Amino acid sequence: IFTYKCIKMISILFSFIGSQIFYQIFVVIFWFWLQIITPEKIAIMRDWIWIIICSLFFLLHIKFWKTYFSQRIKMRIWVIFLIWFTSLFSWFIFDKNITDILIGIKYGFRYFIILLWSIGIGFFLEKENNRSEKRVINWLNLVKWGLVFTVVIGRIWQFLKLLKPEWFYHIGYWGLDDFHFGVNPPIYYLTGFKWSLRRQGLFSWPNNYAYFLVVFLPLLWQLFSIDNIFSKKKREKTEWISFIIIILWIITLGATLSRAGLIWGALAIILVNFNKLIKHKKILIWWISALIISVIGLSIWKWDSTRVHIEKKFWGISSVIEHPLWVWLGSSWPAIHHWWTQLPENYYLQLMIDMGTIGFLLWCALMGIFFQEQKQIKEKTKKEDQIHQELLNILNALQQGLLALMVMWLFLHVFEDSMVNYIFFSLYWLTIGYLNSLIKNSKKNE
């Protein structure tokens, strides 16, 4: 029986994850308009709310601790060791204080910390759920329509900005502009090409929005099937609705005018349809060729921006060569509201600057273990079980989104303090934890 306390905790957890889509609006209203709480304090409050929710969830499930902590030990040890290693190195070698170290942990390891909490919560949820297929479907529908709601509301929000800009000026937004730290955010961001407007929906920045749209594109494709839309078969009304939603998602991604988002959105589509494309190699080659041409074409089209990106990447490489042990935690973007000094325009260079080459190799090892454990989960999943198969499809879609993101990281820094981290990685790790517990229970029943 699903306990009343557990239902309340799940409601609070999903409410927290869902509330992240309004995070930037909270910041604008409570700081740039009302001037009552700074963005830093809002971020700290959000992090503490997350910690409290997760801690309560763990305390309510003490009876499952022994089962949970007896498995997936390797991953937990590696996460803790990586954080411990980089923290001690900063403390003793570079004489950094606790504040420096906490900032570095926040911007370099947030998704791993979310991992430690969320996998456990997913594990406990499965124990309480007692294989209720209906409840799993309800959760997936909540995620499914929550994603659609985010994009639709974002489109309405952007339309209102054009229709009634004075409303938004009143609550803390400013005129058309680019990003400037510490000042009122612009009502619309501008791109260097003929000052075109860039859409960011409810998010703080067009690239953040592109990040969200790319990582969730494979999941959306999974939840809204359009397999028959191009066939000669009779199409159902639901298939047309699914097709319209996916087209809206892709158009919204294009409206961000983010080169990285557009290119790696195309990569995400290739990953989603790879099993079908591999059967038609000419079409696959055409897709890959088009992707390469798009990378080159967009780079030439926005050459001024491309040149700056290349310069910053080489500067980042030089910094890593000059300081192979690292500069220090929290020294590079996105620790912008503290004292960042370097913007490498490459997430992997950012990690090497912050953690050093040794720390980066440990990070790579941890990611390798993470993907290996996912492979084991997939191999052990019972394909004939509907719940197993449904969750496995969700995990595959989230993994495809992460792979697209990891390629995206080669060309663009990604905001570690972005609200997208809580939305995407929480759902990712919850799925892994739930599926892992489901596999354990299936073995016991056998």
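**Entry 1. Salt bridges**

I began with D47, which forms a salt bridge with R46, their closest N and O atoms lying 3.6 Å apart. I took a salt bridge to be a side-chain nitrogen of Lys or Arg within 4 Å of a carboxyl oxygen of Asp or Glu. The model is a predicted one, in which local features need pLDDT of at least 70 and side-chain atom pairs count only at pLDDT 80 or more, while totals for chains, interfaces and linings use all residues. I number residues from 1 along each chain as its sequence is written, and side-chain values use heavy atoms, with hydrogens and water left out.

I found D47 and R46 both to be buried; buried stands for under 20% relative accessible area, exposed for over 50%, and partly exposed for the range in between (1.4 Å probe, protein chains only).

I counted 2 salt bridges in the structure. E311 and R307 also meet through their side chains in a salt bridge, at 3.4 Å from N to O. These two residues are separated by about one helical turn, because they stand 4 residues apart in helix 15 (residues 303-322). Helices here are DSSP runs (H or I, at least four residues), and strands likewise (E, at least two), numbered from the N terminus. E311 is partly exposed at 46% relative accessible area, and R307 is partly exposed at 35%. I note as background that side chains of opposite charge can pair when their charged atoms come close.

I looked up F57 and placed it in helix 3. F57 counts as buried, its relative accessibility being 0%. I computed a C-alpha separation of 8.7 Å between F57 and I10, which are 47 residues apart along the chain.

I then turned to the surface, where I44, W48, I52, L56, L59 and I62 form a nonpolar patch with about 610 Å² of accessible area together. Patches are built from residues with over 30% relative accessible area and no salt bridge, joining like charges within 9 Å and nonpolar side chains (Val, Leu, Ile, Met, Phe, Trp, Tyr) within 5 Å. The areas come from the Shrake-Rupley method with a 1.4 Å probe, and for residues only the protein chains shown count as cover.

**Entry 2. Positive phi**

I recorded a positive phi of about 55° for Q35, although Q35 is not a glycine. Q35 lies in the loop between helix 2 (23-33) and helix 3 and is partly exposed at 47% relative accessibility. L257, also not a glycine, has a positive phi of about 55°. I located L257 in the loop between helix 11 (237-255) and helix 12 (259-272), with a relative accessible area of 28%, hence partly exposed.

**Entry 3. Cavities**

I listed 7 cavities of 30 Å³ or more. On a 1 Å grid over the protein atoms alone, a cavity is a set of points where a 1.4 Å probe fits but cannot get out, and lining residues have an atom within 4 Å of a point. The largest cavity has a volume of about 240 Å³. Its lining has 15 residues, of which W139, L140, L391, L430 and T431 are the closest to its centre. Helix 8 (133-163), helix 10 (206-223), helix 17 (386-408) and helix 18 (419-445) each give two or more residues to this lining. I sorted the lining of the largest cavity into 14 nonpolar residues, 1 polar and no charged.

Methods: On a 1 Å grid over the protein atoms alone, a cavity is a set of points where a 1.4 Å probe fits but cannot get out, and a pocket is an open set with protein on both sides within 12 Å along at least five of seven lines; lining residues have an atom within 4 Å of a point. Grid points are joined across faces, edges and corners, and a volume is the space filled by probe spheres set on the points. Ala, Val, Leu, Ile, Met, Phe, Trp, Tyr, Cys and Pro count as nonpolar, Asp, Glu, Lys and Arg as charged, and the others, Gly among them, as polar.
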